Amino acid sequence: MNAPVNAAMNPSPSARSPLRSRTVFAAAHVVADPSAGTTPGGPAVLDWDATLAFRRHLWAHGLGVAEAMDTAQRGMGLDWAVAAELIRRSAAEARAVGGLLACGVGTDQLPAHGATLAEVRAAYEEQLAVVEDAGARPVLMASRQLAAAATGPDDYQELYGHLLRQTTRPVILHWLGPMFDPALAGYWGSDAYDAATKTLLQIVADHPDAVDGVKISLLDAGREVRLRRRLPRGVRCYTGDDFHYPELIAGDEHGFSHALLGIFDPLAQRAAEAVRRLDAAGPGGVAAFRAVLDPTVALARHLFQAPTRYYKTGIVLLAWLAGHQSHFTMVGGLQSARSPEHLRRAYELADGLGLFPDPERAARRMRTLLAAHGAEDA
């Protein structure tokens, strides 16, 4: 078993210093209230103390928090009313600790089908106001309702242009591929990657001062690099590629990606240590960075294997095994979305990386979970 890079639960004071060479957000999961009498499809009920404590854990390592995003089960159990409260509470915590915070702006208060473009725009505006009032950096998330209502690239350019003309601070644009959400197929008005990229880049070019960056979650390193090289100067590329993040963050002679990643939820300690090695700026900085993060890719690829949208189950499992929460229960009952064998392998890979502050507790919890699923040899 490998030893942890540093103390995962109680980082040293130096670990709390901000990262310098890259802007790094961990998309954070939410902790359900296990005693709530909710059903799948009903309103989410959160354990607020545990949910906010986990955000403080991420900030303590020097990472930013990407709040109310896909990892927090937006559109998969976390409804807008609770997401709005989560944004407000996380923003208050961020102010208290000086933490970096970006928050998801979407349209999930609308019905899944039948919304008009005007209703989609109004939904975005409502959520954008909540995030801006909280003082957080907005992330304009890809919208299922917009994907269903738009008839082509012009609809995307008009709607995003309207939002970017009224935002009070630069936003992060979000391209989430259909592997994460099948309802987002054809986003930006085309199923063809080159055509979709052209539309996105045109939106950025029309409003460069309103765009902090673009988050790319396509699980295709080559496509991300090609898009990254075409962004205007001053507009960041945030990788959302949970398969190729070490190479994309390390970059090449033409540039690099910043990060907004769900896999950094369980890898906060490793991610912060890796970027600090880049911060040192020595000749071996990239090699030292890769030495920390490359061994984690097998775990990431396992958690995000198809159907990719269920990666949240493995993320919450690891949070439970690491002691960040007292149970393995998720909003919407999503703890049942992965097989016992998938969860067992996630535990083995994480344990091999030394991610658990108390390995005996993690092993005991994993045995209990497997036994509950009938794995008598657990």
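Me: Where is Gln-73 found, and what makes Gln-73 count as buried?

Reply: Gln-73 is found in the loop between β2 and α2, where helices (DSSP runs of H or I with at least four residues) and strands (runs of E with at least two) are numbered from the N terminus. A residue is called buried when its relative accessible area is under 20%, exposed when it is over 50%, and partly exposed in between, judged with a 1.4 Å probe on protein chains only. Gln-73 has a relative accessible area of 1%, and therefore it is buried. The model is a predicted one, numbered from 1 along each chain as its sequence is written, in which local features need pLDDT of at least 70 and side-chain atom pairs count only at pLDDT 80 or more, while totals for chains, interfaces and linings use all residues. Side-chain values use heavy atoms, with hydrogens and water left out.

Me: What is said about the phi of Gln-73, and what about the phi of Ala-68?

Reply: Gln-73 has a phi near 70 degrees, which is positive although the residue is not glycine, and Ala-68, not a glycine either, has a positive phi of about 55 degrees. Ala-68 is found in the loop between β2 (64–67) and α2 (80–97), and because its relative accessible area is 0%, it is buried.

Me: What makes the pair of side chains Arg-228 and Ser-257 a polar contact?

Reply: A polar contact is a pair of N or O atoms within 3.5 Å, where within protein one must be able to donate a hydrogen and the other to accept it, and residues adjacent in sequence count only if both atoms are side-chain atoms. The side chains of Arg-228 and Ser-257 make such a contact at 2.9 Å. Arg-228 is found in helix α7 (residues 221–228) and counts as buried because its relative accessibility is 10%.

Me: How many disulfides does the structure hold, and why do Cys-103 and Cys-237 count as buried?

Reply: The structure holds 0 disulfides, a disulfide here being a pair of cysteine sulfur atoms within 2.5 Å. Cys-103 counts as buried because its relative accessibility is 0%, and Cys-237 counts as buried because its value is 2%.

Me: How do you know whether the span of helix α13 agrees with its number of residues?

Reply: The expected span is 1.5 Å times one less than the number of residues. Helix α13 (residues 340–352) has 13 residues and should therefore span 18 Å, and its end C-alpha atoms are 18 Å apart, which agrees. The buried residues of α13, including Leu-343 and Tyr-347, pack against α11 (297–303), α12 (311–321) and α14 (359–372). Just after α13, Gly-354 takes a positive phi of about 75 degrees.

Me: Why is Tyr-311 called buried, and which residues is Tyr-311 in contact with?

Reply: Tyr-311, in helix α12, is buried because its relative accessible area is 3%. Contact means heavy atoms within 4.5 Å, and, leaving aside neighbours within four places in sequence, the contacts of Tyr-311 include Asp-70, Phe-180 and Arg-338.
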